[in-house]
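Dear colleague,

My notes on it follow directly after.

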Amino acid sequence: MSTAATPGHRKSKAGWNLLGLLVFVVAGFPVYWMLNTAFKPAKDAIDPDPSLLPTGITFSNFSRALDIADFWGPVGRSLIVSLSVVVIGMVVGLLAALAISRFAFRGRKIVIVGILAVQMIPLVAMIIPVFLLLNDLDQYDKLSGLIITYLTFILPFTVWTLRGFIVNIPKELEEAAMVDGCSRTGAFVRVVFPLLAPGLVATSVYGFIQAWNEYLYALMLLSQDHQTATVWLANFTTQHGTEYAPMMAGATMLAVPIVVLFLLVQRKMAAGLTAGAVKG
């Protein structure tokens, strides 16, 4: 039997809705301003008294962004680096997370603490050691060197996150599959891996976004000829000033792959990990 909501409950709900709306506005305003600047005439982008609403729509900023420097080369290199980091990171991270979660071995706790400790080190503090190491390995100004560098700070997060997903999958499911005749590998492939899919997707998206958006290491470890998409945006800042409208147009184009990727995998990211696998 339903009961009417009390005035206090309605006020509380309205307050939470207002807070949610405020968070949405604060988080979404930079994106709105990027799009607003990307489509407005270039002269309006440097107006000292800018308008919150679009004053006009033009696509010339996008053509200017494509003409000011090579666009597809940096985008292609960013895709190569990001996809390589995701694939290698998922394979290595999944195996490491599985070993930490399902097997007891000497030094296991030390490995877990080490993974946490690595994530506490600021990335900017490792620039000089990474530069010297890659230079000694003849990996400076190479995409392979940048991929290795990204893996050093994406792999710890990947291992730690996947470990959390694996731990939440009951061991009884694997044991039941092994009783039915599956090997340990077969039980993992047929039982654990499907349940782990949401975790793999979420972690992959994180790794892709981190590699795609990273700027500092790409700037320091690659030359102008091998620059990635984020470094490409620096071409809009010259000795004569910054072309804000084309820069925002370029940033909008660089955001498209991330948005498309999220739209493709959002259901997997939101799916319950073991929904329906165990009752009670």
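**The largest pocket**

The largest pocket has a volume of about 270 Å³. A pocket here is an open set of points on a 1 Å grid over the protein atoms alone, where a 1.4 Å probe fits and protein lies on both sides within 12 Å along at least five of seven lines; lining residues have an atom within 4 Å of a point. Grid points are joined across faces, edges and corners, and the volume is the space filled by probe spheres set on the points. There are 15 lining residues, and Met34, Ala251, Leu254, Ala255 and Val256 are the closest to the centre of the pocket. Helices H1 (7-39), H9 (184-213), H11 (229-232) and H12 (244-270) each give two or more residues to this lining, and H12 gives the most, with seven. Helices are DSSP runs (H or I, at least four residues), numbered from the N terminus. The lining has 12 nonpolar, three polar and no charged residues. In this scheme Ala, Val, Leu, Ile, Met, Phe, Trp, Tyr, Cys and Pro are nonpolar, Asp, Glu, Lys and Arg are charged, and the others, Gly among them, are polar.

**Basis of the model**

This is a predicted model, in which local features need pLDDT of at least 70 and side-chain atom pairs count only at pLDDT 80 or more, while totals for chains, interfaces and linings use all residues. Residues are numbered from 1 along each chain as its sequence is written, and side-chain values use heavy atoms, with hydrogens and water left out.

**Individual residues**

Arg77 lies in helix H4 (residues 72-102). Arg77 is buried yet has no salt bridge, and the nearest side chain of opposite charge, Asp70, is 4.5 Å away. Buried means under 20% relative accessible area, exposed over 50%, and partly exposed in between (1.4 Å probe, protein chains only). A salt bridge requires a side-chain nitrogen of Lys or Arg within 4 Å of a carboxyl oxygen of Asp or Glu; for charge, Lys and Arg count as positive and Asp and Glu as negative, with His and the chain ends not counted.

Most residues other than glycine have a negative phi. Asp138, however, has a positive phi near 60°, and Asp141 has a positive phi of about 60°. Asp138 is found in the loop between helix H6 (127-136) and helix H7 (143-167), and Asp141 also lies in the loop between H6 and H7. Asp138 is exposed, with a relative accessible area of 51%, whereas Asp141 counts as buried at 19%.

Yours sincerely
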